[in-house]
Amino acid sequence: MASRLSDHSGRRVLLIEAGPDYGSDRAGWPAELLFSEEQALRSHSWGLRDAGSGIDLPRARVIGGSSAVNACYWVRGSAVDFDVWRDLGNPGWGFDDLLPYFRRAETDPLGGPLHGTDGPVTVWRVQDWSAGDLAVMEAAVALGLERVDDINGARGQVPSAGPAPKNLVGHDRLNSALSYLRPVRHRPNLRVMAETTVDRVRFEGTRAAGVVTTTGVRIDADLVVLAAGAYFTPGILNRSGYGDSSELRRLGIPVTHHLPGVGKNLLDHPFAIGVIDGRIRPDAVFGVKLQGQAMVRSRSQGSVEIDCHIYDAQYFDEEIGDWVISLSVSMVNARSTGTVSLTSADPTATPRIEHRHFSDPADLERLCDGVEFATELFRTAPLADLSETLDARTWVNGDREALRGLVRSKAATTNHCSGTAKMGPDTDPSAVVDPGGHVYGAEGLVIADSSIFPTCPRGNIHFPVVAVAEKIAAGLA
């Protein structure tokens, strides 16, 4: 947003970041934020936890946000995911409407009608497979999955396996601060204010007139764009008087506009991490890489679209003193919803986050199906020939009911939180923003982050988040 809005020389843009700003020179960045082969989820963390399950909820407090610590997957999702947004009463948000913004965001060497070739984000795919990654792909094909060289090359995802597109340059992470912000930092009309946390939006009547920081500093503006993410955007709205009126009054916050949808509709993809591990055979050469993925449908739910993405990881395990290969499953067709709410009007208080991952029982079945497929995949040649299964680290060791219990107790998050200020028509009482990202009941206040997603796309949400910001920025031009 800062990059695109500052394209206009007559507009002054201030980008406020709660965490540190490491600047344009990669040499000044912490090494763990540049290393693409591992997620630095504990680096610059806000320290959030789910109030119901207790699982960690990593979000990065740093310029570039969680794009600085994620797994670098650049997956668009299926066309139907965005057509659903349109069909829920958001004209202009179908896949064909969003495609120009997906293309504007990227430079993908594969080119073609579904890829951009001159955008800020460079897309990379593996050229030389490690033995483990290659074995995963070949085993997936042996089980009937299609080999696909470009996950984003078709409108929809199909049961398949292939290289994962990633936002990398030379195997180095390209977070949004380096892709979008670095090329425009020289602009005299753009300024970055780091180490500054926003408390609330300041209003004159119903018009946003700027923000107030947690230290009480007032910053005036004609337009306020919130991009604090699905966990923190609702809190800024609440402290600004926008939210469920009864909840605001309970906290002693004056009500500006009753918006009961703020903080509701929390979406995510539950993640079964390490569902089966194997000790790598001594003569097999592996690497610490995450290069490919498989995509499968649920066998029990009669799904037409993809339900699960399966990832492999390879690492040295200090506990057993050997190299291990592991499969994990992200259930990307989740329907369960949770909530984010304030525990206090104090802007430094941690929000209460409850994902309620399996409140929709079908989500549990879909993830169990994915875990069972991953287990079958692991035990299929040639993958089975390259590793010795560690039975104590295998989730599928009993009947289906036992597996359900394991999934309920052990599943975490794929860190795809979204939906807590959802976009919808003014006839939807749970909608928070209109199809332009404008907050209902306010003038000059826009949201441009994953919180406006009405539903969560089937894939890693970094790419859709960027496309959403591209589209909203274009609408404000």
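Visitor: Is Val80 buried, exposed or partly exposed, and why?
Guide: Val80 counts as partly exposed because its relative accessibility is 31%; buried means under 20% relative accessible area, exposed over 50%, and partly exposed in between (1.4 Å probe, protein chains only). This is a predicted model, where local features need pLDDT of at least 70, side-chain atom pairs count only at pLDDT 80 or more, and totals for chains, interfaces and linings use all residues. Residues are numbered from 1 along each chain as its sequence is written, and side-chain values use heavy atoms, with hydrogens and water left out.

Visitor: Where does Val80 lie?
Guide: In helix H2, residues 79–87 (helices are DSSP runs of H or I with at least four residues, strands are E runs of at least two, numbered from the N terminus).

Visitor: New topic. How many aromatic pairs does the structure hold?
Guide: The structure holds 13 aromatic pairs. Rings of Phe, Tyr and Trp (its six-membered ring) pair if their centres lie within 6.5 Å; planes under 30 degrees apart count as stacked, over 60 as edge-to-face and the rest as tilted.

Visitor: Why is the pair of Trp85 and Phe453 tilted?
Guide: Their planes are at 45°, so the pair is tilted, and the ring centres are 4.9 Å apart. The pair links distant parts of the chain, 368 residues apart: Trp85 is in helix H2, and Phe453 is in the loop between strand S23 (445–447) and helix H11 (462–476).

Visitor: Trp85 and Phe453, buried or exposed?
Guide: Trp85 is buried, at 1% relative accessible area, and Phe453 counts as buried at 0%.

Visitor: Which residues do ring pairs link into a cluster?
Guide: Trp74, Phe82, Trp85, Trp93, Phe95, Phe102, Phe453 and Phe463.
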